[in-house]
Amino acid sequence: MAEHYSSFTPGGTMWLLQRITAAFLVVVLAFHFFLLHFVNHAADITWQGTQMRMQDLGYFLTMVLFLITAAFHGINGVYNALVNQGLSGTPKKVVLAVLTLAGLALVIQGVYVALVMRGMV
Amino acid sequence: MSQSYNRGLIEDFGRWKEFSAGMWAWIFHKFTGWILIGYLFTHIAVLSSAIAAADGQTIVVGGETVNAYTGTLQGLESLFIVRVMEVGLLAVAVFHILNGCRLLMVDLGIGLEAQDKSFYASLVLTGIIVVASVPTFMQGVGL
Ligand code: HEM
């Protein structure tokens with residue numbers, strides 16, 4: 001048995017990016033959870049409250065960066081797991097294209113929603 | 001070639017009874033990661049009700065006319081099943097975070113001898129954090 005399990009090739013660029021985004025996500029995800037479940041309860045979230053929080057430039061930028069990092073980390077994770085399970089050749093290229101498009105769509109929609117919340121579009 | 005690649009047939013999921021702690025940690029990390037990215041898509045879809053809200057659209061929740069965003073979120077939060085799923089999501093997220101930190105340590109070469117123990121610690125801590133959060137997550141919801 002191996003001593004160390006990973007879906008990634010250790011030391012590769014994707015492996016490194018997965019770890020850098022993970023380190024960032026620990027901090028932001030914890031902040032996000034506390035703010036929206038313990039400071040403001042999820043059940044009491046209102047449009048006014050969201051608009052107010054998004055007015056703060058730092059908060060807005062943090063949320064956009066959070067979205068981009070999580071999308072990259074999640075999609076990269078799924079892709080590497082599939083490659084690790086033996087995905088190769090044309091199917092590998094198709095999966096990469098589909099995942100990339102899905103990730104881009106997620107980020108574009110998310111950024112658009114964030115801009116709407118900030119009242120910028 | 002690093003030893004990490006030579007996992008042999010042990011990854012045959014039919015042989016789960018033979019899996020080591022590290023193998024379980026890896027499987028849990030996979031499942032939780034996939035659930036989290038799935039949730040992120042759902043989350044942005046729900047938050048997209050902000051587009052209708054900014055447009056001045058309203059919906060009726062419990063006989064009351066409210067803003068489309070407020071109504072969508074509070075309508076979902078008023079459902080018991082949604083709260084249960086949120087607690088489940090919390091469990092999944094907390095495990096992925098704690099085990100993720102454990103993986104980062106392993107990669108840095110810290111605590112290599114304690115890998116099994118730190119996996120069990122991740123599980124126990126996840127359990128404690130989730131149980132402690134249940135009252136907050138369930139606040140004000142009727143059956
Ligand atoms: C908040 C702190 C987080 C930490 C510390 C973390 C850490 C990690 C690490 C180290 C890996 C690589 C595992 C390996 O080498 O096989 C990983 C994989 C993954 N992560 Fe995260 N992660 C976090 C949050 C998230 C979030 C928010 C998502 C979803 C949007 C996510 C989705 C995934 C997925 C899909 C994988 C691939 C799992 C697989 O191997 O199949 N993670 N995570």
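Colleague: Which protein donors does the iron atom of the ligand have?

Modeller: In this predicted model, they are A:His73 (NE2) and B:His96 (NE2), 2.0 to 2.1 Å from the iron atom. Donors are N, O and S atoms within 2.8 Å of the metal (3.2 Å for Na, K and Ca), so both atoms qualify; water is not among the atoms, so sites may look incomplete. The pair crosses between chains, from helix 3 (residues 57-84) of chain A to helix 4 of chain B. Helices are DSSP runs of H or I, at least four residues, numbered from the N terminus.

Colleague: Why is the arrangement around the iron atom called octahedral?

Modeller: Six donors count as octahedral if opposite donors are over 155 degrees apart and all others between 65 and 115. Here the six donor atoms subtend angles of 87 to 179°, which makes the arrangement octahedral.

Colleague: What makes A:His73 count as buried?

Modeller: Buried means under 20% relative accessible area, exposed over 50%, partly exposed in between (1.4 Å probe, protein chains only). A:His73 has 14% relative accessibility, so A:His73 counts as buried. B:His96, at 13%, is buried too.

Colleague: Why is the contact of A:Arg19 and B:Asp107 called a salt bridge?

Modeller: A salt bridge needs a side-chain nitrogen of Lys or Arg within 4 Å of a carboxyl oxygen of Asp or Glu. The N to O distance is 2.4 Å, so the pair meets that definition. The pair crosses from helix 1 (residues 13-39) of chain A to helix 4 (residues 80-107) of chain B.

Residues are numbered from 1 along each chain as its sequence is written. Side-chain values use heavy atoms, with hydrogens and water left out.

Technical notes
Chains lettered and ligands numbered in written order. Predicted model: local features only at pLDDT ≥ 70, side-chain atom pairs only at ≥ 80, totals over all residues. Helix = DSSP H or I, 4+ residues; strand = E, 2+ residues; numbered from the N terminus. Tetrahedral: all angles 85-135°; square planar, octahedral: opposite > 155°, others 65-115°.
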